[in-house]
Amino acid sequence: QAYNGQITGIYGESGTGKSSLLYILGMLSNQQHEYYYNNQKLVLNDKEKAEFRNQHISVITQSSQLIETISVEKNIEFYLKQSNINYTINELLEMIHLKDKINAMPSSLSGGERQRVAIACAIAKDSDIILADEPTSALDQDNKDMVMELLRKCALQGKTVIIVSHEKRVIEECD
């Protein structure tokens with residue numbers, strides 16, 4: 001069970017099913033599973049699952065699924081428009097140390113930069129639940145520390161954060 005206000009870590013080597021589990025938790029699996037939210041069983045059809053996911057879950061994937069045809073600014077703005085969060089695009093870019101990439105297209109970013117923009121999008125969406133699949137794998141140590149601080153801040157705001165990682169150092173920072 002994962003709790004609000006905490007970071008739950010799922011650890012294992014490559015190929016052990018960590019990402020598959022995260023996709024199941026994010027209601028992204030085609031298989032039927034029982035889901036609980038706030039200790040209540042959810043009975044949802046596919047459309048209702050999608051609506052629930054859009055309202056309550058942010059998924060940060062390894063491939064950092066950004067919208068390729070719009071700038072970094074517009075990617076973040078897309079999520080900000082769906083939430084009531086008080087951050088600006090510039091504040092979010094400052095948090096991930098990418099203010100200078102505001103007009104960049106996702107295709108011009110490195111893997112680590114894309115990952116950081118995906119994290120800014122997840123924060124902008126302001127979901128109750130953040131699921132992160134290897135969120136630090138493409139980052140240097142300073143940026144790993146920054147990402148973990150941001151995810152900790154999200155947890156301290158009462159969000160449920162679940163991280164999948166093969167890095168022991170990342171898992172050691174989880175609750």
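Author: Start with one term: two residues are in contact when their heavy atoms lie within 4.5 Å. The model here is predicted. Not counting residues up to four places away in sequence, leucine 150 touches Met95, Ile96, Ile119 and Ile123.

Reader: Is leucine 150 buried or exposed?

Author: Buried means under 20% relative accessible area. Leucine 150 has 7%, so it is buried. Sequence distance is a separate matter. Leucine 150 and methionine 95 are 55 residues apart in sequence, yet their C-alpha atoms are 7.9 Å apart in space.

Reader: Next, helix pairs. How do I describe two packed helices?

Author: Take the angle between their axes and the distance between the axes. Now the case of H5 and H6. Their axes come within 11 Å and cross at roughly 10 degrees. Angles under 35 degrees count as roughly parallel. H5 and H6 are therefore roughly parallel to each other.

Reader: Which residues of H5 meet which residues of H6?

Author: From H5 come Arg116, Ile119 and Ile123. From H6 come Asn143, Met146, Val147, Leu150 and Cys154. By type, this contact of H5 with H6 divides into six nonpolar residues, one polar and one charged.

Reader: Arginine 116 is on that list. How accessible is arginine 116?

Author: Its relative accessible area is 8%, so arginine 116 is buried. It sits in helix H5. Leaving aside neighbours within four places in sequence, arginine 116 is in contact with Ile96, His97, Leu98, Leu139, Asn143, Met146 and Val147.

Reader: How many residues of H5 are buried?

Author: The count is 14 of the 15, so H5 is largely enclosed by the rest of the structure. H5 is followed by aspartate 126, whose phi is positive, near 60 degrees.

Reader: Now the nonpolar cores. Which members of the largest nonpolar core touch the most other members?

Author: A core is a set of buried nonpolar residues joined through side-chain atoms within 4.5 Å. The largest one has 40 residues, and Ile76, Leu92 and Ile163 touch the most other members. Elements that give two or more residues to this core include helix H3 (72-80), helix H4 (89-95), helix H5 (111-125) and helix H6 (141-156). Strand S5 (129-133), strand S6 (160-165) and helix H7 (168-172) are also among them. The largest share, eight residues, comes from H5.

Reader: What is leucine 92 in contact with?

Author: Leave aside its neighbours within four places in sequence. Leucine 92 is then in contact with Ile76, Leu80, Tyr87, Ala120, Ile123 and Ala124. There is also a second, separate core of eleven residues, including Leu22, Tyr35, Ile129 and Ile162.

Reader: Last topic, loops. Is glutamate 134 buried or exposed?

Author: At 6% relative accessibility, glutamate 134 counts as buried. It lies in the loop between S5 and H6. Beyond neighbours within four places in sequence, glutamate 134 is in contact with Lys18, Gln62, Gln115, Val164, Ser165 and His166. Glutamate 134 and serine 165 are 31 residues apart in sequence and 4.8 Å apart in space, C-alpha to C-alpha.

Reader: Where does serine 63 lie?

Author: Serine 63 is in the loop between strand S4 (57-60) and H3. With a relative accessible area of 48%, serine 63 is partly exposed. Serine 63 and glycine 111 are 48 residues apart in sequence, and their C-alpha atoms are 8.2 Å apart in space.

Notes:
Residues numbered from 1 in each chain as written. Predicted model: local features only at pLDDT ≥ 70, side-chain atom pairs only at ≥ 80, totals over all residues. Heavy atoms only, no water. Buried < 20%, exposed > 50% of the residue type's maximum accessible area, 1.4 Å probe, protein only. Helix = DSSP H or I, 4+ residues; strand = E, 2+ residues; numbered from the N terminus. Axes fitted to C-alpha atoms, helices over the stretch in contact; angles between N-to-C directions. Parallel < 35°, antiparallel > 145°, perpendicular 65-115°, else oblique. Nonpolar A, V, L, I, M, F, W, Y, C, P; charged D, E, K, R; others polar.
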